[in-house]
Amino acid sequence: MDHLTTTKHTTDTEATHTQKIAGQKRDASAITTVSSQGSSASSGEGLEIRNESKREGEVKRPKLGEEQTSSNRSDNNMALIEETSMEGRQCFVTVGATAGFRPLLSEVITPEFLNCLADNHFDLLKVQCGEDFEWFDEQVKSLPSSPVTIERFAFTENMAKHYIRSRGEMSVRMPGVVVAHAGSGTILEVLRLQVPLVVVPNPTLMDNHQAELAQELESTGDAVYGRLGKLTEAIARSLELVAQDELRKQQHLQDLRNVEKSFQRELEQAKVPQTETVQDRRQRDLD
Amino acid sequence: WLISLVITVGIVLGTFIVYRHFEMIRRRQKPGGSWLVPSNTPQPNAAGTQVPNTTSLPAIYFTYILGSGGHTAEMIETIKQSFRGQANIHRRYIISIGDTSSLGKARLLEATIKDAYPGEDDRAGTSDIFLIRRARKVHQPLYTAPFTCLISAFHAANALTRMPNPRSTKDHGKGFRYPHVIVTNGPANGFIVCLVAHLLKIFYLVPENRAKVVYIETWARSKTMSLTGKLFLKTGIADVVGVQHESLAKIFKGSQYIGPVSAGFLRR
């Protein structure tokens, strides 16, 4: 799988580097997988529009073909099957229920941000836009073209299933990211589900205490502080964070395995004299 | 003479309230004193810290005030973190009318607790939900606000003094007459409910050792206190002002660091 991703981007070495490490998250999340709770269809979900224009389809198809050729070249068909059966990265943007957050909404559909997503192998941008749904809908429709699919809806009670779609799971999907307003309810729910998170404080809010929380989270390494106007950097940092987290988990697992091995070794060493004593005793009995 | 009578009654009432207020604060045990330390055999809770063992008490009655959005999410998390299955616990949730999302979350939490103790197992305790009127609706003109505040105050008094139905006829029913602890984390309704509880205590309508007010500052605040938090701290209504960041407890005297109770899963 890593081989495939490297063949895709031979020119952009930095991007492939992060991608290559980040890809390992898939294996990790198998350990950390929490049973997904939000499987039931919610009734509150009124407006959900799937925007997959023909143009986007055309953009997508050659990309898939490219993948195929590259993987054929590398003679790695098994990897291709696994890659295509897995869901791609999702970027889920949420502004919460209480207030709108237009600056964030307009930022995520700028060409730079969309290209950044495409470069990092995201294939779906899902946006929960709250009260600005109609405005955002118009903005998306007026976009000339988009390298990723854009889905959008106003609000739903069951946000958990959308968050989980951004969480990496072994041989199910690649880790994505949730870009959220800095409301504590949203942050807590996303972090509880162990989904990579970028927190974007709303600078127009009173006394801007949201920035405080975002800095706190950044310093503890739980989330990334996304600043308006610099969201592409935040996405890259989030992917790095996922990769680091993954490496740490791998290391931890390796340590655990080593400990287990040493235990087994001790057990075997302890066993040998024990069996001998039993045999000795038997012999004594026979004698 | 009517005016002078009103003024006299007002002065007497005012003096009485002020006296009772400070008398109650004076009699209150100092924060950080020995009372927060586990008394009898401590039980370690999920977070690993030690809490007092309450299994042998006849009645434990908590009132939780759920507010909007993030407040509710944090409060639900706090309840989950502090939950231990005991048959002697009653939980009451106070929610504003029209706040369907909080109502749904409270019901979901109770359903989860019930599921954890199926059949005859009564360790899930009992619970009920009280709806009170919002103190001020969005876009409501300001001059009507005092009246609606009064109405919601009456609703709050009702929610604080009404005995829990599932307990009234059972053993130790009297123990559930008034809540032991009121927990809030900052919604507007929370302050009104706590103020009403304080007034009820001032006028001897609720015993002083009941309806203890616990204010938990939201986890989102790490360097500054919210307005509600400052209000609770300054007025002395809250028996405990808990904060979830150590840095905040150092800045605001009188507040106590209680650990990240609404983000417990982040603890490493």
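This is a predicted model: local features need pLDDT of at least 70, side-chain atom pairs count only at pLDDT 80 or more; totals for chains, interfaces and linings use all residues.

Student: What share of chain B counts as buried?

Tutor: In chain B, 34% of the 268 residues are buried. A residue is buried if 20 or more other C-beta atoms lie within 10 Å of its own, exposed if 12 or fewer, and partly exposed in between, with C-beta atoms placed from the backbone.

Student: And how much of its contact set joins residues 24 or more positions apart?

Tutor: For chain B that is 67% of the contacts with a separation of 6 or more. Two residues are in contact if their C-beta atoms, placed from the backbone, lie within 7 Å.

Student: Let's pick a helix. What does H4(B) reach from its first C-alpha to its last?

Tutor: H4(B) covers residues 145–161, 17 residues, and reaches 24 Å, close to the 24 Å expected at 1.5 Å a residue. The expected span is 1.5 Å times one less than the number of residues.

Student: Which of its residues are buried?

Tutor: Ser152(B), His155(B), Ala156(B), Ala159(B) and Leu160(B) are the buried ones in H4(B). They cover an arc of only 135° around the axis, so they sit on the same side of H4(B). The arc is that of the directions from the helix axis to the C-beta atoms.

Student: Why would residues three or four places apart point the same way?

Tutor: An α-helix has 3.6 residues a turn, so residues at that spacing point the same way.

Student: What do the buried residues of H4(B) pack against, and what's exposed on the other side?

Tutor: They pack against strand S4 (89–96), strand S5 (126–132) and H6 of chain B. On the other side of H4(B), Pro146(B), Phe147(B) and Asn158(B) are exposed.

Student: Over to chain A. How many helices and strands there?

Tutor: Chain A has 12 helices and 7 strands. Buried residues are 33% of its 287 residues. Among its contacts between residues at least 6 apart in sequence, 73% join residues at least 24 apart.

Student: Which residues of H7(A) are buried?

Tutor: In H7(A), residues 111–119, the buried ones are Phe113(A), Leu114(A), Cys116(A) and Leu117(A). Their arc is only 155° around the axis, which puts them on the same side of H7(A). Pro111(A) and Glu112(A) are exposed on the other side. Just after H7(A), His121(A) takes a positive phi of about 65°.

Student: Where does Gln194(A) sit, and what's its phi?

Tutor: Gln194(A) is in the loop between H10 and strand S6 (197–200) of chain A. Its phi is positive, about 60°, although Gln194(A) is not a glycine. Most residues other than glycine have a negative phi.

Student: Is Gln194(A) buried, exposed or partly exposed?

Tutor: Gln194(A) counts as partly exposed, because it has 18 C-beta neighbours inside 10 Å.

Student: Now the sheet side. In which sense do S3(A) and S4(A) pair?

Tutor: S3(A), residues 122–128, and S4(A), residues 149–153, pair in the parallel sense over 5 bridges; strands pair if DSSP finds at least two bridges between them. Gln128(A) stands opposite Phe153(A) in S4(A). From S3(A) the chain crosses through helix H8 (residues 133–141) to S4(A), and this β-α-β crossover is right-handed. That means that, with the strands pointing away from the viewer, the path from the first strand over the helix to the second runs clockwise.

Student: Last one: how many residues of chain A and chain B are in contact?

Tutor: 14 residues of chain A are in contact with 17 residues of chain B. On chain A, helix H10 (184–192) and helix H11 (209–220) are the elements that give two or more residues to that side. H10(A) gives the most, with 6 residues.

Definitions and conventions. Residues are numbered from 1 along each chain as its sequence is written. Chains are lettered from A and ligands numbered from 1 in the order in which they are written. Helices (H or I, at least four residues) and strands (E, at least two) are DSSP runs, numbered from the N terminus.
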